[in-house]
Amino acid sequence: MTARRLLQLLIVAIVIACGWPTRVTAAVTLTLQFAPGGITTTSFGNVNGLGVGVPAAGLTLITAGVAGGVLYSTPYELVISGLPGADKATVSIYVSSNFARPTLLVLESCYPSAGCATGAAFTPISTSAATPTGIITTAVGNGTYIANFGLFVSNADGAGVSAGADSVTLTWKATDTTTLQTNTPAAIANSVTLETAVQLLLATAPGGITVSPAADYSMDFGNVNGLGIAPGVGLTVSAAAGGVIYSTPYLFQPSFSTFSSTTSSVKVYVSMDFVHPAILQLRDSAVLAGPYTAISKIAGAQTSLTTTAASGSSLTRYLGLFVSNANGVGTFTGADSATLTYTLTVP
């Protein structure tokens, strides 16, 4: 054997004995899980653009920092595993199959979960696989990380708007920032049912008596008399045949969403009358000066307040309390009350 052959064998022996530096081969893995306090299904349940009603278990309604609708939020877990050594990973997401109503329903993302209390913290999820939305953009190691979904629901009305069942499919990707290896879990479809919604609020008008919200709204005219002496704050007295009218402005605020119509009608009737209807009567007017007309006491023939109210509008109306100045049999002094029921109708 020549000296050159012996040298080659010696080099091979050294290589075998010492080995070359090697990298442990492992692949990043991303697992998706439900988070404590969040939804436990892939359905957001019934939602609407006003946020009225009780959300499905695990959903939180967010209105702060949200314009043109509401946001339903829920946390979920991203579990990163399989990273070797000191490797770290990022996570991104995109909508691989969008809602059939993309202007009414938009899925958004927020991370970390602790900062997801307002709409401003959420970002609409990209609909492009080429430019996905980053969830974890500062690389992290193996562990469990909590992010939030935000389902934006528009309160829009008008032509082309419709309610009904819908769904969206999401695709995530974890990337090892050292090896650039990726892991894409199976895409997940999330379902939702978009509902129509209506809401009618009453509120205090500038210069009027207080409208107090509770299980039912209430307005207190205080002490009144048939001569209109010493009206309470927020009340105006005007003469009327057989007595006086104590009047106050108030606001009614209709809201509705996911209707093809952009206007609504509001009506009112006396659903429970005063015990002494000959002495006390509720009346209505469009202006402070009147005329004031008696509010209907028939559910099937209510007094119309408007037929052209837009959603989110705030309209002023004047509620008048007629007090008789009669004397003799049938008169009384003391407390009394009546109940008005309002009806909001959207075509």
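The questions and answers below look at salt bridges and nonpolar cores in a predicted model.

User: Why is the contact between Asp273 and Lys297 called a salt bridge?

Analyst: The closest N and O atoms of Asp273 and Lys297 are 2.6 Å apart, and since a salt bridge requires a side-chain nitrogen of Lys or Arg within 4 Å of a carboxyl oxygen of Asp or Glu, the pair meets the definition. Asp273 lies in the loop between β16 and β17 and Lys297 in the loop between β18 and β19, so the pair ties together parts that are 24 residues apart in sequence.

User: What makes Asp273 partly exposed?

Analyst: Asp273 has a relative accessible area of 27%, and because buried means under 20% and exposed over 50%, Asp273 falls in between and counts as partly exposed. Lys297, at 44% relative accessibility, is partly exposed by that reasoning too.

User: How do you know whether Arg317 and Asp284 are buried or exposed?

Analyst: Arg317 has a relative accessible area of 14% and Asp284 has 5%, and as buried means under 20%, Arg317 counts as buried, and so does Asp284. Their side chains meet in a salt bridge at 2.8 Å, N to O, with Arg317 in strand β20 and Asp284 in strand β17, so the pair ties together parts that are 33 residues apart in sequence.

User: Which residues touch the most other members of the largest nonpolar core?

Analyst: Among the 36 residues of that core, Ile80, Leu151 and Trp172 touch the most other members. Strands that each supply at least two residues of this core include β4, β9 and β10. Apart from it lies another core, of 23 residues, including Ile209 and Tyr250.

Terms used: Residues are numbered from 1 along each chain as its sequence is written. This is a predicted model: local features need pLDDT of at least 70, side-chain atom pairs count only at pLDDT 80 or more; totals for chains, interfaces and linings use all residues. Side-chain values use heavy atoms; hydrogens and water are left out. A nonpolar core is a set of buried Ala, Val, Leu, Ile, Met, Phe, Trp, Tyr and Cys residues joined through side-chain atoms within 4.5 Å. Buried means under 20% relative accessible area, exposed over 50%, partly exposed in between (1.4 Å probe, protein chains only). Helices (H or I, at least four residues) and strands (E, at least two) are DSSP runs, numbered from the N terminus.
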